[in-house]
Amino acid sequence: MQGEGGFYVAPKAFMLRLRELCDKHGILLIADEVQTGAGRTGTFFAMEQMGVAADLTTFAKSIAGGFPLAGVCGKAEYMDAIAPGGLGGTYAGSPVACAAALAVLDIFEEEHLLERCKTVGERLVTALKGMKAKYPVIGEVRALGAMIAVELFEDGDSHKPNAAAVAQVVAKARDKGLILLSCGTYGNVLRVLVPLTAEEELLTRGLAILDECFAEIA
């Protein structure tokens, strides 16, 4: 699934073919799960839903609950091929960040966050599709778990990306207390990345603000 490119979900058939091509030509398949990892899509890693396994996987962001931490994991034959000290970085191995990541993993189990992700995603998608039915500027709502994109177009024409409308919604939402991010090649996509620990009241409030913003630019 793309991140900055607009939250497009890769079809399983595409991933299967990609795996075949990598195997045929001796190419490593590397999954960048920095945005999609840590339960954002309903499984801990998005690749779990693709029907194939990556050779290497990178992860960061949510894995440490806000602390700066990134990592890479993969098949033993590749990870063990690196000489001692051959993989590292200026901030590698921070004890505090690693402790935070371990706490995050505990919370995932204790609070059943993977199941929560599916619940949050379904609720948001249902509400956003309801807005799509009301506001023609919304051309598409797509999601994988709780990683959701709302793409805006001019006059309902998918060939006319509406970056101006996205900028308006982001600004209006900010003024009302809701932080939204944009993405996509043309800047016409709103990305919705709600914390999996968000309470129902907060979800309701956020959706109400977003609905108000669309109503104001309609």
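Is arginine 17 buried, exposed or partly exposed, and what is its relative accessibility? At 47% relative accessibility, arginine 17 counts as partly exposed, where buried means under 20% relative accessible area, exposed over 50%, and partly exposed in between (1.4 Å probe, protein chains only). The model discussed here is predicted, so local features need pLDDT of at least 70 and side-chain atom pairs count only at pLDDT 80 or more, while totals for chains, interfaces and linings use all residues. Residues are numbered from 1 along each chain as its sequence is written, and side-chain values use heavy atoms, with hydrogens and water left out.

The structure holds 14 of them, each being a side-chain nitrogen of Lys or Arg within 4 Å of a carboxyl oxygen of Asp or Glu. Arginine 17 pairs in this way with glutamate 20, with the closest N and O atoms 3.2 Å apart. Both residues belong to helix H1 (residues 12-25) and sit three residues apart, about one turn of the helix; helices (H or I, at least four residues) and strands (E, at least two) are DSSP runs, numbered from the N terminus. Glutamate 20, at a relative accessible area of 46%, is also partly exposed.

A second bridge joins arginine 19 to aspartate 55, with a closest N to O distance of 2.9 Å. Arginine 19 lies in helix H1 and aspartate 55 in the loop between strand S1 (30-32) and strand S2 (56-59), so this pair ties together parts that are 36 residues apart in sequence. Arginine 19 is buried, at 10% relative accessible area, and aspartate 55 is buried too, at 2%.

Because aspartate 211 lies in helix H6 (residues 200-217) and lysine 134 in helix H4 (residues 113-134), the pair ties together parts 77 residues apart in sequence. Lysine 134 is partly exposed, at 48% relative accessibility. Elsewhere, salt bridges with shared partners join Arg19, Asp23, Asp55 and Lys75 into one network.

The chain can also be viewed by domain. An automatic or database domain assignment gives domain 1 (12-111) and domain 2 (113-216), whose C-alpha centres lie 27 Å apart. In contact (heavy atoms within 4.5 Å) are 14 residues of domain 1 and 14 residues of domain 2. Between these two domains, the count of salt bridges is zero.
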